[in-house]
Amino acid sequence: MTTKGAITNFIEEYFLHFNAATVVDAAKAYETQLNQGSKMLVSLAGAMSTAEIGKIFAEMIRQDKVHIISCTGANLEEDIMNLVAHSHYKRIPDYRDLTPKQEWDLLEQGLNRVTDTCIPEEEAFRRLQIHIYEIWKQADIRGERYLPHEYMYKLLLSGVLEEYYEIDLKDSWMYAAAEKNLPILCPGWEDSTMGNIFASYVLKGEVNTNIAKSGIEYMTFLAEWYSKNSKNGIGFFQIGGGIAGDFPICVVPMLYQDMQRTDTPFWSYFCQISDSTTSYGSYSGAVPNEKITWGKLDINTPKFIIESDATIVAPLIFAYLLGM
């Protein structure tokens with residue numbers, strides 16, 4: 001029997017009511033899913049990579065506690081940016097008090113702000129651009145096509161970035177995922193720095209747009225993956241909201257209703273960490289029961305919503321699952 005660590009014991013001892021209790025319930029239900037042979041999708045919205053979620057999420061990947069990831073293009077690239085440019089980042093603790101002039105000064109310094117953290121233009125964006133362009137160009141020459149995350153895997157596994165590493169490689173969730181060739185979905189990848197850069201090369205006629213597979217191809221891949229892996233259930237652990245969450249969860253009603261595969265099982269677990277409030281038309285703030293009406297969750301699917309900051313809650317749940 002595995003001995004529980006200090007963090008797990010603390011959570012069980014003191015997280016007893018309200019959102020705190022839901023953290024424990026959701027973690028235990030996640031654990032139950034894994035123990036019964038279910039797989040788990042984790043979706044990453046926001047800027048969780050810049051929040052350095054990789055320091056614990058990479059271990060979740062290594063220990064097979066996550067089986068497929070859906071993330072924004074920002075999360076896909078920003079984990080790698082942190083890997084190669086960490087010492088050049090600048091933290092702005094008083095970001096709430098910045099004037100427009102101070103924000104402009106950051107721009108002129110090549111510092112792109114994400115809440116309290118500035119990503120360095122030259123050392124992060126441009127360092128990746130130089131090398132990813134060569135991979136795109138080679139694919140173009142060879143007439144090859146890949147999904148956006150597969151290009152990032154090629155970049156990491158090629159070794160061309162090793163000279164720039166500034167953090168321990170074990171703290172990069174993208175590297176952990178690349179080593180396992182873990183399935184990743186990156187809907188709306190064009191809405192990211194690397195996606196924008198790719199579009200600029202297309203406009204300049206330097207690469208063909210067809211070398212990057214589309215979001216529809218991500219969905220068709222997910223449809224087949226879900227069908228092959230749902231025998232014992234697939235859970236859905238959602239960090240934040242937006243396209244990273246909405247895109248993959250829709251695969252179930254698509255298979256059931258549009259493909260008439262009426263034996264398609266609903267998601268077997270659902271948990272969302274979000275501080276978004278329920279409002280008219282809000283996906284991020286929608287309560288889990290709304291998803292029943294869309295054919296995504298079953299009436300008996302274990303459902304949890306934790307109304308809190310994902311940068312606080314997600315590491316705690318991952319720590320619990322890792323027995324820390």
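**Reading the model**

Analyst: Let's start with salt bridges: a search of the whole structure turns up twelve, a salt bridge being a side-chain nitrogen of Lys or Arg within 4 Å of a carboxyl oxygen of Asp or Glu. Keep in mind that this is a predicted model, where local features need pLDDT of at least 70 and side-chain atom pairs count only at pLDDT 80 or more, while totals for chains, interfaces and linings use all residues. Residues are numbered from 1 along each chain as its sequence is written, and side-chain values use heavy atoms, with hydrogens and water left out.

User: Which parts does the salt bridge between Lys 55 and Asp 171 tie together?

Analyst: Its N to O distance is 3.6 Å. Lys 55 sits in helix H3 and Asp 171 in the loop between helix H7 (148-158) and helix H8 (173-180), so the pair ties together parts 116 residues apart in sequence. As for the labels, helices (H or I, at least four residues) and strands (E, at least two) are DSSP runs, numbered from the N terminus.

User: Is Asp 171 buried or exposed?

Analyst: The scale first: buried means under 20% relative accessible area, exposed over 50%, and partly exposed in between, with a 1.4 Å probe and protein chains only. Asp 171 counts as buried because its relative accessibility is 12%. Asp 171 also forms a salt bridge with Lys 170, at 3.3 Å from N to O. Lys 170, at 45% relative accessibility, counts as partly exposed. Through shared partners, salt bridges join Lys 55, Lys 170 and Asp 171 into one network.

User: And what about Lys 180?

Analyst: Lys 180 has a salt bridge with Asp 64, the closest N and O atoms being 2.8 Å apart. This pair links distant parts of the chain, with Lys 180 in helix H8 and Asp 64 in the loop between H3 and strand S2 (68-71), 116 residues apart. Lys 180 is partly exposed at 36% relative accessibility, and Asp 64 is partly exposed at 44%.

User: How many residues of H8 are buried?

Analyst: Six of the eight, so H8 is largely enclosed by the rest of the structure. The buried ones are Trp 173, Met 174, Tyr 175, Ala 176, Ala 177 and Ala 178. They pack against S1, H3, S2, helix H4 (73-85), H7 and strand S6 (184-185), where contact means heavy atoms within 4.5 Å. Just after H8, look at Asn 181, which takes a positive phi of about 50 degrees.

User: How do I read helix packing, and at what angle do H3 and H14 pack?

Analyst: Axes are lines fitted to C-alpha atoms, for helices over the stretch in contact, and angles run from 0 to 180 degrees between N-to-C directions. Here helix H3 (residues 54-62) and helix H14 (residues 310-321) pack at about 35 degrees, with axes 10 Å apart. On the H3 side the contact involves Ile 56, Phe 57 and Met 60, and on the H14 side Pro 315, Phe 318, Ala 319 and Leu 321.

User: Now the strands. In what sense does S7 pair with S1?

Analyst: Strands of a sheet pair through backbone hydrogen bonds, either parallel or antiparallel. Two strands count as paired if DSSP finds at least two bridges between them. S1 and S7 run parallel and are joined by six bridges, with Gly 235 in S7 as the bridge partner of Met 40. S7 also pairs with strand S8 (residues 269-273) in the parallel sense, over five bridges. There, Gln 272 in S8 is the bridge partner of Gln 238.

User: What covers the two faces of S7, or rather, which residues lie on each?

Analyst: In a regular strand the side chains alternate between the two faces of the sheet. For S7, Ile 234, Phe 236 and Gln 238 are on one side, Gly 235, Phe 237 and Ile 239 on the other, and all are buried. With six of the six residues of strand S7 (residues 234-239) buried, it is therefore largely enclosed by the rest of the structure.

User: Which strands stand at the edges of the open sheet?

Analyst: That sheet has three strands in the order S3-S5-S4, with antiparallel pairing. Strand S3 (90-91) and strand S4 (111-114) are at the edges, each with a single partner strand, so one side of each is left without a neighbour in the sheet. S4 and strand S5 (residues 117-120) pair over four bridges, and Asn 112 stands opposite Ile 119 in S5. Helix H6 (residues 121-142) lies across S4 and S5, at about 50 degrees to S5.
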